[in-house]
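Please read them with the structure open.

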Amino acid sequence: MSGLLQEMTEKALALNIPLSVQLDLTYRCNERCVHCYLDHDDHGEMTTEEIKHLLDEMAAAGVFILTLSGGEIFVRKDFFEILEYARQRTFCVKLKTNAILIGEAEAARIRDLGVESIQISIYSHRPEVHDGITLVRGSLERSLDAIRFLKSQGLRVVIANVLMIQNVQDYAGVRSLAEELGVESTLDPTITPMMDGNRSVLSLSVDQSALQQVFRDTGLVGNVDEFCAVAAPADESALSSLPCSASHTTCYVSPYGDVFPCVQFPLPTGNVRKQRFLDIWRYSDQMNEVRSIRIKDLTTCTQCSHVSNCSRCPGLAFMEGNMRGPSTQDCEKSFARTGVPSANMLSKRRAAANLVQIRALPALASASA
Amino acid sequence: MSRLFVARNPRVAARCLDGEMMIMSGRDSTLFTLNRTATILWQAADGTTPLDEIVQSKICPEFDVEPAEALHDAETLARELASHEILQISEEPIAPATALAGESR
């Protein structure tokens, strides 16, 4: 984050302004990614007019960075009408898309509308792997064509890769592909549980050895010794800090108007069809509960050696059952990074060791012999 | 001397936080914040009101400054903002179709 953006974020925090919002325009999608956390049926998306009204409210509330995502945003026939309206309200607009519906004309329109960046999901440099994840034949080729169209318009493109069992060997290939295309790339080893709480997709998560390999890749993390070092003990300042920006300067709005602290934190806080966006942001009990939490309030994590530099996600912790508890996926990342088990992992090991062992009764064993 | 017209560049992103205007360049995503004078200029830059009128009606009432001096400073400021592609400047009115709707908070 640039110094000035950091400064403005701190100002937004002090003024209780939602500086950055992700708005999902639809959950419908033209791909069927095996790790996706969404239900793709339309259960009553906001209309064009409802979204425009919301954008007016967001602009008045001080939202500056607006990320339009989905589902696949380009399946909405009114997408460009919404985008144009958002830019007229001078939002800094970022797009998240699979890009397979972006041709030369769409790329030119995106350029004309002054979009800040376009994040595109690419899971592998190999069609059989990428298309095997999206379950759409030819999707890699179409997404790459779109990246070339967007680049030719001078737009900033970021490739987003989610690491999972299917593509664990391919992240270096994706990075090389990004370099070849002249675009940035990111890698995320986190699989998100389904919005309805179903955790079955987590079986696609990569194992410890793959995480260790990623965290020791200088191309990704820079100085490995520094990145993998165990954190210094948390001081009072660290314990008083915020767990993340959710509910503080950022939030998420679903295609149905539900407002959540973050896209990865499915705690309903209100609905913009029934309440003003700013009222939900300021006065929702749920939003204010999340807002009240400091690191020192975390039940297990305050006892953990990783507490001052853990990537703990409050939303993932919430999905495990306790927004003040640990996020096991991040415990596993801290362990892979440093080799030191988290307090949560040690606690689970102790609990497992205390389980009563089930053995055959001696009398029955001898009777059957 | 010809009159100068100024318009907000439609490619930038902008938001006013507690009186401080935050602008992101459409060219390279560089972030700027505008001081009070630049914020007034930005908000009044509709492409059709000449700069001298903006200075007279919006800037002079806010600051204790001579109109000629204020206009000179405003022209310098407008050219600087134009060099960062934050404002468009022209000696002719700038078509409203290319200027963004105003916003404030």
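1. Two residues count as in contact if their C-beta atoms, placed from the backbone, lie within 7 Å. On that basis, the contact between the two chains takes 20 residues from chain A and 17 residues from chain B. Keep in mind throughout that this is a predicted model.

2. Look next at chain B's side of that contact. Three elements of chain B each give two or more residues to the side that touches chain A: β2 (13–17), β3 (20–24) and β4 (31–34). The largest share, four residues, comes from β2(B). By class, this side of chain B has nine nonpolar, five charged and three polar residues.

3. Chain B as a whole is quickly described. Its secondary structure comes to six strands and three helices. Along the sequence the pattern reads β-β-β-β-α-β-α-α-β. Of the 105 residues in chain B, 33% are buried. Take the contacts in chain B between residues at least 6 apart in sequence: 62% of them join residues at least 24 apart.

4. Within chain B, helix α1 (residues 36–44) packs on helix α3 (residues 67–83), with the axes 11 Å apart and an angle of about 75 degrees. Angles of 65 to 115 degrees count as roughly perpendicular, so α1(B) is roughly perpendicular to α3(B). From α1(B), the contact uses B:T37, B:A38 and B:L41; from α3(B), it uses B:A74, B:L77, B:A78 and B:L81. By class, six of these residues are nonpolar, one is polar and none is charged.

5. Which residues have the most contacts inside the largest nonpolar core? They are A:M58, A:V63, A:L66, A:F91, A:V93, A:L150 and B:L41, in a core of 114 residues. B:L41 also belongs to the contact of α1(B) with α3(B). As for A:V93, leave aside its neighbours within four places in sequence: it is then in contact with A:L66, A:L68, A:L83, A:A86, A:R87, A:V115 and A:E116. There is also a second, separate core of six residues, which includes A:A234, A:L298, A:V307 and A:C310.

6. Turn to the helix pairs of chain A. Helix α5 (residues 127–134) and helix α6 (residues 139–152) of chain A have axes 8 Å apart and pack at an angle of about 100 degrees. The two helices, α5(A) and α6(A), are therefore roughly perpendicular to each other. On the α5(A) side the contact is made by A:P127, A:H130, A:D131 and A:T134; on the α6(A) side, by A:S139, A:L140 and A:E141. These residues divide into three polar, two nonpolar and two charged.

7. The second pair in chain A is helix α8 (residues 208–215) with helix α15 (residues 328–338). Their axes come within 8 Å and cross at roughly 60 degrees. That makes α8(A) and α15(A) oblique to each other. The crossing of α8(A) and α15(A) is right-handed. In α8(A), A:Q208, A:L211, A:Q212 and A:F215 meet A:E332, A:K333, A:A336 and A:R337 of α15(A). The contact has three nonpolar, three charged and two polar residues.

8. Two backbone angles deserve a look. Phi of A:N16 is near 55 degrees, a positive value in a residue other than glycine. A:N16 sits in the loop between α1 (3–15) and β1 (20–24) of chain A. Is A:N16 buried, partly exposed or exposed? A:N16 is partly exposed, with 15 other C-beta atoms within 10 Å.

9. A:S247 is another residue other than glycine with a positive phi, near 75 degrees. A:S247 lies in the loop between α11 (236–239) and β7 (250–253) of chain A. A:S247 is buried, with 28 other C-beta atoms within 10 Å.

10. Last, a loop residue of chain A. A:A232 is found between α10 (224–227) and α11 of chain A. A:A232 counts as exposed, with 10 C-beta neighbours inside 10 Å. Where does A:A232 stand in relation to A:N309? The two are 77 residues apart in sequence, and 8.7 Å apart in space, C-alpha to C-alpha.

Key
Residues are numbered from 1 along each chain as its sequence is written. Chains are lettered from A and ligands numbered from 1 in the order in which they are written. This is a predicted model: local features need pLDDT of at least 70, side-chain atom pairs count only at pLDDT 80 or more; totals for chains, interfaces and linings use all residues. Axes are lines fitted to C-alpha atoms, for helices over the stretch in contact, and angles run from 0 to 180 degrees between N-to-C directions. Angles under 35 degrees count as roughly parallel, over 145 as roughly antiparallel, 65 to 115 as roughly perpendicular and the rest as oblique. Ala, Val, Leu, Ile, Met, Phe, Trp, Tyr, Cys and Pro count as nonpolar, Asp, Glu, Lys and Arg as charged, and the others, Gly among them, as polar. A nonpolar core is a set of buried Ala, Val, Leu, Ile, Met, Phe, Trp, Tyr and Cys residues joined through C-beta atoms within 7 Å. A residue is buried if 20 or more other C-beta atoms lie within 10 Å of its own, exposed if 12 or fewer, and partly exposed in between; C-beta atoms are placed from the backbone. A crossing is left-handed if the near helix is turned anticlockwise from the far one by less than a right angle, and right-handed if clockwise.
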